[in-house]
Each structure stands twice: as C-alpha cells, then as structure tokens.
Amino acid sequence: MRRLETLDWTRIEVELESVGQAVVGPLLDGETCRTLAGLYEQEAPFRSRVVMERHGFGKGEYKYFTHPLPEPIAALRGPLYRRLAPIANRWAVAMGLDTCYPADHAEFLERCHAAGQTRPTPLLLKYGPGDYNCLHQDLYGETVFPLQVAILLSAPGEDFTGGEFVLTEQRPRMQSRATVVPLGLGEAVIFAVDQRPVQGTRGTYRVRHRHGVSPVRSGARHTLGIIFHDAA
C-alpha cells in the first residue's frame, strides 16, 4: 500500500491514456518476488495449471491462484483497482459503452459472479529456455475490466535472458504497432486488456491491444499477473 501511494499517478494516467501502458514500481521487493515465484512448485495456492503448448498458446506454463489469494496479491488487487477504476470509466464514456465500474473491487467482483464469472484469475507464469507466450488477451467472459497488471518476479540478466514483455496496438485500417516493455525485478506494467479510446482528427476511435512474451534465451522467468475480473 505504501508503495502504491508513492507512485506518480498523474504520469501513469497520462501514459495509459496516450499509449495504453505504463511501467511502475518496483511494487514488490526482491524477497517478496522470490517468495511468490517459489509458490509455483506448490499445489495448495492454485486452482489449475495450464501447459501452453497443449493449447497453442506458446511454450511454458502457468497456474491460476485459488481463494484465499496470497497476501501480497490480495493486498495489491483491491487498491490497484480503486486507482484504475476512474480511468476505466473515462474510457467507457469515450467509447460510448453503457458501462460504469464501481469504485470498490469487491462490488465489481459481485457483478462478475452474477454473470457466472466466479473463478479467480490472478496467475503465476513460469518460462524456461525457449519458452514464450503468444500474443493474446485475458478476457475470460463478458464482464471485463479494461486494465490489468503484470509484475516481473525474476531479475533480467541474472535469472534469465530474453523473455521481453511485448504489447501490440491494432489501429483501424493500419498495421499493428509493437512495443517492447523493459521491466526490472518487482516492477509492474499496467496495460490495456483489449480496447482503449484514442482521439483522432475525426473523433474518437478504438485501438485493440494484445500482449505476450518473446522467447526466453536462458534461465527461468516468473511473472505475476493481476487481472481484475474473474473467469467463467
């Protein structure tokens, strides 16, 4: 919570509005990152495991946490949502969507559960040499919060090489634009899940985003994903 309050939220909002992503942090210290990464080899904190190659998602694997969420994740999810909800509401108005996101995350989760989306979505991803994550979107159902967070739990250059976080932006009638997002240990990137509004010369149009991870060249890379809507 203290780390969140010290972030430059004015700068974060400007970057989210202008490019759909903002790097912040570090949100977690090195010890907490190692502790969370170490949970991957356990069974109790998780509800399911996905091997990406089996589904054509890439190579590597990830696990979805179950309730109760580990304390560092639970402590971040609600406060981050409260900071991002006003941005989400501005985006909804700009895109002409009949959606209003409540200020409190628990209230938003009630909306998810009423829509049949009851499974927690925070996840822990694990990559080894040659592993990668194809470009994708984490939607999970009709009720979607338009922003999410990824936190790097491994030290680039020490724990792994390669494995860059990649975002793409699909603009109407234009080719996609890719951005490589550099992250350090414990740093986070806040980014658009799917669509965001962009002001053009002829009014507001929608830009669609996808994200992924380039191939890891060596070592092991762990990432924490915080998604604010639950899954069907």
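How many bridges join strand β7 to strand β15, and in which sense do the two strands run? Five bridges join β7 (residues 147–152) to β15 (residues 221–227), and the two strands run antiparallel; strands, here and below, are DSSP runs of E of at least two residues, and helices are DSSP runs of H or I of at least four residues, both numbered from the N terminus. The structure is a predicted model, in which local features need pLDDT of at least 70 and side-chain atom pairs count only at pLDDT 80 or more, while totals for chains, interfaces and linings use all residues. Residues are numbered from 1 along each chain as its sequence is written, and side-chain values use heavy atoms, with hydrogens and water left out.

**The seven-stranded sheet**

- Seven strands form an open sheet with antiparallel pairing, in the order β1-β11-β7-β15-β5-β4-β2, where two strands pair if DSSP finds at least two bridges between them.
- The edge strands, each of which pairs on one side only, are β1 (21–24) and β2 (46–51).
- Neighbouring strands of this sheet are turned by 20° against each other on average, with direction ignored; axes are lines fitted to C-alpha atoms, for helices over the stretch in contact, and angles run from 0 to 180 degrees between N-to-C directions.

**Pairings of β6**

- Strand β3 (residues 58–59) is joined by two bridges to strand β6 (residues 132–136), the two running antiparallel, and K59 stands opposite Y132 in β6.
- β6 also pairs in the antiparallel sense with strand β13 (residues 203–213) over two bridges, with N133 opposite V213 in β13.

**Helices α5 and α6**

- The axes of α5 and helix α6 (residues 105–114) come within 9 Å and cross at roughly 95°, which makes α5 roughly perpendicular to α6, a label that covers angles of 65 to 115 degrees.
- On the α5 side R77, G78 and Y81 meet H105, F108 and L109 of α6.

**The loop at G184**

- G184 lies in the loop between β10 (177–181) and β11 (188–192), and, leaving aside its neighbours within four places in sequence, G184 is in contact with L152 and P156.
- The C-alpha atoms of G184 and L123, which are 61 residues apart along the chain, are separated by 19 Å.

Technical notes:
Contact means heavy atoms within 4.5 Å. Angles under 35 degrees count as roughly parallel, over 145 as roughly antiparallel, 65 to 115 as roughly perpendicular and the rest as oblique.
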